[in-house]
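The stops below follow one another, each with something to select and something to look at.

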Amino acid sequence: MLKRVLGKNGSEVSALGLGCMGLSFSYGPAVKIEDGINLIRKAFELGVNFFDTAEGYGPHTNEELLGEAVQPFRDEVVIGTKFGFYGNSGDRTSFYLDSRPETIRKACEGSLKRLRTDVIDVFYQHRVDPNVPIEDVAGTVKDLIAEGKVKYFGLSEAGEDTIRRAHAVQPVAVLQSEYSLWWREPEATLVPTLEELGIGFVPFSPLGRGFLTGTITENTQFDSSDFRNTLPRFQEENRKANQTLIDVLRQIGSKLNASTSQIALAWLLAQKPWIAPIPGTTKLHRLEENLDATKITLSGVDLEEINKAVSKIEIKGNRFPDSLLKATGK
């Protein structure tokens with residue numbers, strides 16, 4: 001597995017990490033614990049050393065699962081977890097933000113225990129809390145780093161101004177935000193800011209919550225507990241309209257003997273050398289397929305063809321419901 005360094009202040013990680021959320025949260029019923037452990041351990045065998053979770057996934061159960069799974073090789077992996085985003089685990093539209101210093105400290109202690117570790121490699125603010133100055137958040141994490149409980153400070157879904165203000169207090173090693181061929185907003189201001197400041201970028205949902213795998217159609221029926229049922233972009237009419245993007249990826253993939261997933265991931269990896277996407281899956285064959293994307297090198301001509309084709313496509317539907325977009329400023 002190829003390795004990448006997450007900015008000038010971050011860790012060396014596998015070019016593709018593993019987003020663990022879906023093993024126990026958001027995309028239907030949780031997998032059996034033993035199946036989740038086996039998948040995480042198989043990922044490590046295949047070269048993955050970067051695993052992503054959060055205290056809010058489950059809640060808590062995802063951290064416990066990951067903590068148990070990586071025990072045999074804990075010192076060989078980088079774990080990122082998050083604080084400050086709370087709510088009903090069965091309803092992603094019902095939540096609240098809390099990044100007060102005392103909450104961050106409580107979250108840190110809980111995550112350390114659930115992950116069965118002495119230190120959190122990357123500690124992200126899950127979403128920016130408008131009621132707590134980002135300087136206070138950065139200062140609290142700075143103290144946790146000084147105490148040896150955290151190695152690196154990360155932000156998730158933060159804007160340029162927030163990143164700069166936080167970075168002035170405690171260097172931000174990593175930003176995690178959604179980025180893929182069907183959500184390219186970060187290219188406007190975030191990517192240039194990260195490059196300027198030497199901050200690594202960890203795209204979540206690099207396969208568009210499964211849509212870019214090409215396996216989701218207008219007729220797909222999601223489990224009642226799957227939060228994609230609440231996403232405008234996944235409404236039936238939008239799924240039908242957005243198949244145009246899948247058609248483009250299939251055409252390009254056919255020339256390179258690659259799946260739509262592999263083209264989408266290879267495209268992301270080609271954007272910057274300090275980008276490390278974290279696709280998630282519950283299936284071993286999908287894990288192997290995703291990781292094989294690191295073996296694909298897109299030429300300048302390939303990238304130009306992809307960009308030209310995708311630029312003509314208007315993706316239908318917001319990525320989140322209005323209530324979530326309003327509350328998080330996204």
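Start at Ser205, in the loop between strand S11 (200–204) and helix H7 (236–241). Helices (H or I, at least four residues) and strands (E, at least two) are DSSP runs, numbered from the N terminus. Ser205 is buried, with a relative accessible area of 13%. Buried means under 20% relative accessible area, exposed means over 50%, and partly exposed lies in between (1.4 Å probe, protein chains only). Check the backbone too: phi of Ser205 is near 50 degrees, a positive value in a residue other than glycine.

Two notes on the model before moving on. It is a predicted model, in which local features need pLDDT of at least 70 and side-chain atom pairs count only at pLDDT 80 or more, while totals for chains, interfaces and linings use all residues. Residues are numbered from 1 along each chain as its sequence is written, and side-chain values use heavy atoms, with hydrogens and water left out.

**The aromatic cluster**

Stay in the loop between S11 and H7 and select Phe234. Phe234 counts as buried, at 3% relative accessibility. Which residues does Phe234 contact, leaving aside its neighbours within four places in sequence? They are Trp182, Gly208, Arg209, Phe211, Ile216, Phe222, Arg228 and Arg239. Contact means heavy atoms within 4.5 Å.

Now show the rings of Trp182, Phe211, Phe222 and Phe234, which form one aromatic cluster. Rings of Phe, Tyr and Trp (its six-membered ring) pair if their centres lie within 6.5 Å; planes under 30 degrees apart count as stacked, over 60 as edge-to-face and the rest as tilted. By this rule there are 11 aromatic pairs.

Zoom in on Phe44 and Phe73. Their ring centres are 3.8 Å apart and their planes are at 0 degrees, so this pair is stacked. Phe44 belongs to helix H1 and Phe73 to the loop between H2 and S5, so the pair ties together parts 29 residues apart in sequence. Phe73 is buried, with a relative accessible area of 8%.

Trp182 counts as buried at 4% relative accessibility. Phe211 counts as buried at 0%.

**The sheet**

Switch to cartoon. Seven strands form an open sheet in the order S3-S4-S5-S8-S9-S10-S11, with parallel pairing. Strand S3 (18–19) and S11 stand at the edges, each with a single partner strand, so one side of each has no neighbour in the sheet. Select helix H3 (residues 101–114). H3 packs on the sheet, touching strand S5 (78–83), strand S8 (120–125) and strand S9 (150–156). The direction of H3 makes about 140 degrees with that of S8. Axes here are lines fitted to C-alpha atoms, for helices over the stretch in contact, and angles run from 0 to 180 degrees between N-to-C directions.

S3 and S4 run parallel and are joined by two bridges. Two strands pair if DSSP finds at least two bridges between them. Leu18 stands opposite Phe51 in S4.

**Around S4**

Select Asn49, in the loop between helix H1 (33–45) and S4. Is Asn49 buried or exposed? Asn49 counts as buried, at 9% relative accessibility. The side chain of Asn49 reaches the backbone nitrogen of Ser14 at 2.6 Å. That is a polar contact (a pair of N or O atoms within 3.5 Å; within protein, one must be able to donate a hydrogen and the other to accept it, and residues adjacent in sequence count only if both atoms are side-chain atoms).

Move on to Pro59, in the loop between strand S4 (50–52) and helix H2 (61–69). The peptide bond from Gly58 to Pro59 is cis, with omega near -10 degrees. His60 is in the loop between S4 and H2 and has a positive phi, near 75 degrees. At 32% relative accessibility, His60 counts as partly exposed.

**Last stop: H8**

Select helix H8 (residues 243–256). Its buried residues are Gln243, Leu245, Ile246, Val248, Leu249, Ile252 and Gly253. Their cover includes H7, helix H9 (260–271) and helix H11 (300–311). Just after H8, Asn257 takes a positive phi of about 55 degrees.
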